[in-house]
Amino acid sequence: QGYQGMVDGGDNIVEVSWESVSSILQVGGTVIGSARCKSFRTREGRLQAAYNLVQRGITNLCVIGGDGSLTGANLFREEWSGLLEELAQKGKIDEEAVKKYAYLNIVGMVGSIDNDFCGTDMTIGTDSALHRIIEVVDAIMTTAQSHQRTFVLEVMGRHCGYLALVSALACGADWVFIPEYPPEEGWEDTMCVKLSE
């Protein structure tokens, strides 16, 4: 459950084996769990997370997430030595552990369906989101044709129009709005003419 699992510790931190990951390739990425963790935003929460990791000898983290997750990971890395010193002062770990686990290594992987991270061809989640959008369009297409109606489909991406643009291209949409190109004055008439054509 993300950072919540690190803070709670116990059975939430488990070693993954081949058996753990077999038959999940076709399942969405959230199969590993996800949670917004208020306690990790506090120093006390990060202190508890550090203790749980040190108890298991873990000093390497792979963080998959968006702005909040990666910002939290960077803060955790910056505070790491101070957290270990505080744990030592409280008598929870010894000085040997402070030296042994002195460095926290983090690999940050952008998990964002918006595909809005510079320098990345495609962020984790974008491809899955596009597949789901096309599945939905395929499902409602028959209804739209039988009722001879126009359907409006809203997709994620309030600041980034990648999903809207690419899914519009893929499903042959007649009109698309994206935040990078706001509609001009009188767009309603232009769109109605286009749809009538």
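The side chains of Glu79 and Arg43 pair up in a salt bridge, with N and O 3.7 Å apart (the term covers a side-chain nitrogen of Lys or Arg within 4 Å of a carboxyl oxygen of Asp or Glu). Glu79 is buried, at 15% relative accessibility, whereas Arg43 is partly exposed at 31%. For these labels, buried means under 20% relative accessible area, exposed means over 50%, and partly exposed is anything in between (1.4 Å probe, protein chains only).

The model is a predicted one, so to speak of local features requires pLDDT of at least 70 and side-chain atom pairs count only at pLDDT 80 or more, while totals for chains, interfaces and linings use all residues. Residues are numbered from 1 along each chain as its sequence is written, and side-chain values rest on heavy atoms, with hydrogens and water left out.

Six salt bridges turn up in the structure. One of them joins Glu86 to Lys90 at 3.5 Å, N to O, and Lys90 is exposed, with 53% relative accessible area. Through shared partners, salt bridges connect Arg43, Arg46, Glu79, Glu86 and Lys90 into one network. Another salt bridge pairs Glu78 with Arg77, their closest N and O atoms 3.9 Å apart; Arg77 comes out as partly exposed, at 39%.

The surface also carries patches, built from residues with over 30% relative accessible area and no salt bridge, joining like charges within 9 Å and nonpolar side chains (Val, Leu, Ile, Met, Phe, Trp, Tyr) within 5 Å. Areas come from the Shrake-Rupley method with a 1.4 Å probe. A negative patch gathers Glu85, Asp94, Glu95 and Glu96, with Asp and Glu counted as negative and each charge placed at CG of Asp or CD of Glu. Glu85 sits in helix α4 (residues 67-89) and is partly exposed at 36%. A nonpolar patch of about 590 Å² is made by Val27, Val31, Ile32, Ile64, Val107, Met109 and Ile124. Ile32 lies in the loop between α2 (18-21) and α3 (43-55) and is exposed, at 61% relative accessibility.

On the whole-chain level, the domain assignment gives domain 1 (2-110) and domain 2 (126-196), with bounds taken from an automatic or database assignment. Their centres, taken over C-alpha atoms, are 40 Å apart.

Technical notes: Helices (H or I, at least four residues) and strands (E, at least two) are DSSP runs, numbered from the N terminus.
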